[in-house]
Amino acid sequence: RGVVFEDLNRNGVRDPGEPGLRGVRVSNQREIVLTDRAGRWELPATDDTVFFVIKPRGFMPPLSADRLPQFHYVHRPAGSPPGLKYPGVAPTGPLPTSIDFPLHRQSEPRAFKAIFMGDTQPRDLREVGYFRDAVVPELVGTDAAFGVTLGDVVFDDLSIFEPHNAAVALIGIPWWNVLGNHDINFDSPDDAGSHETWKRVFGPNYYSFDHGPVHFVVLDDVEWLGPDPEKGTGNYRGGLDARQLEFVKNDLALVPDRQLVVVMMHIPLTDVGNRGELYRLLEKRRYALSISGHTHWQEHKFITAEDGWQGREPHHHIVTVTACGSWWTGAPEPDGIPHATMRDGAPHGYAILSFDGARVTMDFKAARRPAAEQLNVMLPATVPAAELPARHLYVNVFNGSERSTVEYRVNGRGPWTRLAQVREHDPSYVARKAAEEADPPPRPPYRAMPNPMLSPHLWKAPLPALPPGGHRFEIRTRDLHGRTFRAEKALTVTP
C-alpha cells in the first residue's frame, strides 16, 4: 500500500502539506486500482512484483539523471536469481510501510509531438558513439514532449544500457522504453526470469501512461523460450502472456472510448502468436493505433479480417524506421559512421508522431539528412533512345504505404503518369551493396550490408519514349495523411 501525492517542491519525498491525489491509477502489472480521496492505494503483492503509477494527464513522475521516468517500485525481497551474466535487481528486503509515488504538474495540451525510434541497438561503446553522434545532435532542442525506443535498446550486451541511456539523455526530454528480444537475460531458463536486468534499469517490462488526450500502452511481446547452446543465445517468439493480457484488459476498461490508445511493442503485431486476444480488446474501440520496431525496415500495415481483425475499419500498425538502420552496417560516411541504410532502401532514422486529440500524423526523419528528403528517385543518368522501353523509373518513398500515390511528368508539361507499387529489391541498395563488396571498406569495425528485402514502399514505371536530349523528371507523392512531397531528377537520352 502507499500514496500517490503531488510533489510540490519536486524533491521526490512527501513533505508536510503535499496532498494526496485522488483517482490516480496504480497497478501491480495485473490489477489496477484508483487512489482514494487521500491518494491512498492498496494492491496484492508477491515476492516478484513491480508496482507502478499510471501517469495521468497533466502530471509527470520524477526523472532519473538519464531522463528515465521514475514511476515504479520493484519488490524483490531476495533479489534476482544468482548466476546471471548481467546483474539484476538487488535484494529489496521487506515491503516498505508505504510505497509512495510522487507526481508534479506539467502542461499537456491537446496537440503535441513525440519521437519514436525502432532499434537503437548498439553492440558496444563504439556504436553508442555512432548513435550519439549521428542521431542525438539533430534532436537536441526538439519540441517533442517525450521519446520512445521501441525495443532492442542494445544488442545483447546489457552492460551497454547505462552508457546508451546517458547518450539518449542528451536529447533532453523524458524517454520511455520498450523491451526487445536483444534486451533480455539470455541465461534465464524461462520467460519469467528474462527481465531481471531490464527491471533494474528501466522498471516494469509492460505498463501504461497518459500524455495529453492520448493513452499509451507499452507491451512486452517477446516470449523467451530459453537458452540454446547451439545458437549461443536462445529462442524466442512473439507472444503475450495471460497476466499481461489481463493487465491490458483492466487498463483499457478505465480508458474512455473517445480517447486514442497507442499500443507500443517491439515485435510487429502481425507476428505475435496470440494477437487475436489483443485484437478483441482493441477492435471495439473508436481510436486505436499500434507501433513496433524489430524488422529494420519501415512499413505501414493495415490489418483486416484476413488476419483475424474484426473491427469496422482496418487497424493501422506502424513498423518503425530503426535508429541503427541495418545494425550500423555499411561503409563509413565522411563522419566515420556507417551509412546504415535499411534493407528496404530507406535511410536510418526515426519517426515523429504529431498528436491532435485522436488524430495522428507520422513524419519519417532520416538521420543526418534534411527533413524534406522523403523519397529516393532512381533514374539512369544517360539512356540510349533504343533502350527506353526496357528501362524503368523507380521511386522509394520512405514513409509510403498502400494508401500513397506516386506520379511523374517530364519537362513540366503534359499529364501526370502514375507509378505502380511493387515488391522488389530497391535497386540503389542492391547497387551500393555490390559496390561495397567489390571495394570493401576497412574492417573492422565496419561490417558488410545485409541482403536486401522486398521493399514495402517502392514504386516503378517504364520510361516513356523521349527524343534525344536532356529531360527533367518531376516526381510527386501523396501520403496517407494527404500531404504531397516532390523531387526532381534529370535524364539524358542519347541517339
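Predicted model: local features only at pLDDT ≥ 70, side-chain atom pairs only at ≥ 80, totals over all residues.
View 1. Most residues other than glycine have a negative phi. Aspartate 152, which is not a glycine, has a positive phi of about 50°. For aspartate 156 phi is near 80°, again a positive value in a residue other than glycine. Aspartate 152 counts as buried, at 2% relative accessibility. Aspartate 156, at 23%, counts as partly exposed.

**View 2. Phenylalanine 161 and phenylalanine 202 form an aromatic pair.** A pair of aromatic rings is described by the distance of the centres and the angle of the planes. Here the centres are 5.1 Å apart and the planes stand at 85° to each other. An angle over 60 degrees counts as edge-to-face, so the pair of phenylalanine 161 and phenylalanine 202 is edge-to-face. Phenylalanine 161 lies in helix H3 (residues 161-169), and phenylalanine 202 lies in the loop between helix H4 (196-201) and strand E12 (207-211). The pair therefore ties together parts that are 41 residues apart in sequence. Phenylalanine 161 is buried, with a relative accessible area of 0%; phenylalanine 202 is buried as well, with 8%. The count for the model comes to 24 aromatic pairs.

**View 3. An aromatic cluster includes Phe52 and Trp176.**

**View 4. Valine 26 is buried in strand E2 (residues 25-27).** The relative accessibility of valine 26 is 0%. Leaving out residues up to four places away in sequence, valine 26 touches Val4, Glu31, Ile32, Val33, Thr35, Trp41, Leu43, Phe52, Val53 and Phe101. Valine 26 and isoleucine 54 are 28 residues apart in sequence, but their C-alpha atoms are 5.8 Å apart in space.

View 5. In H6, Arg275, Leu278, Tyr279 and Leu282 are buried. The buried residues of H6 pack against H5, strand E16 (260-264), E17 and strand E18 (299-303).

**View 6. Glutamate 283 is buried in the loop between helix H6 (275-282) and strand E17 (288-292).** Its relative accessibility is 7%. Apart from neighbours within four places in sequence, glutamate 283 is in contact with Gly308, Trp309, Gln310 and Gly311. The C-alpha atoms of glutamate 283 and glutamate 313 are separated by 8.6 Å, although the two residues are 30 residues apart along the chain.

**View 7. Four strands form an open antiparallel sheet in the order E22-E24-E28-E27.** Strands of a sheet pair through backbone hydrogen bonds, either parallel or antiparallel. At the edges of this sheet stand strand E22 (375-378) and strand E27 (420-422). Each edge strand has a single partner, so one side of each is left without a neighbour in the sheet. From one strand to the next, the twist averages 25°. Strand E24 (residues 392-397) and strand E28 (residues 458-462) pair over five bridges. Leucine 393 stands opposite alanine 461 in E28.

**View 8. A second open sheet, with mixed pairing, has the order E4-E1-E8-E6.** Strand E4 (40-41) and strand E6 (59-60) are at its edges, each with a single partner strand. Strand E1 (residues 2-6) and E4 pair in the antiparallel sense over two bridges. The bridge partner of valine 3 in E4 is arginine 40.

Methods:
Residues numbered from 1 in each chain as written. Heavy atoms only, no water. Phe/Tyr/Trp six-rings, centres within 6.5 Å; stacked < 30°, edge-to-face > 60°. Buried < 20%, exposed > 50% of the residue type's maximum accessible area, 1.4 Å probe, protein only. Contact = heavy atoms within 4.5 Å. Pairing = 2+ DSSP bridges. Axes fitted to C-alpha atoms, helices over the stretch in contact; angles between N-to-C directions.
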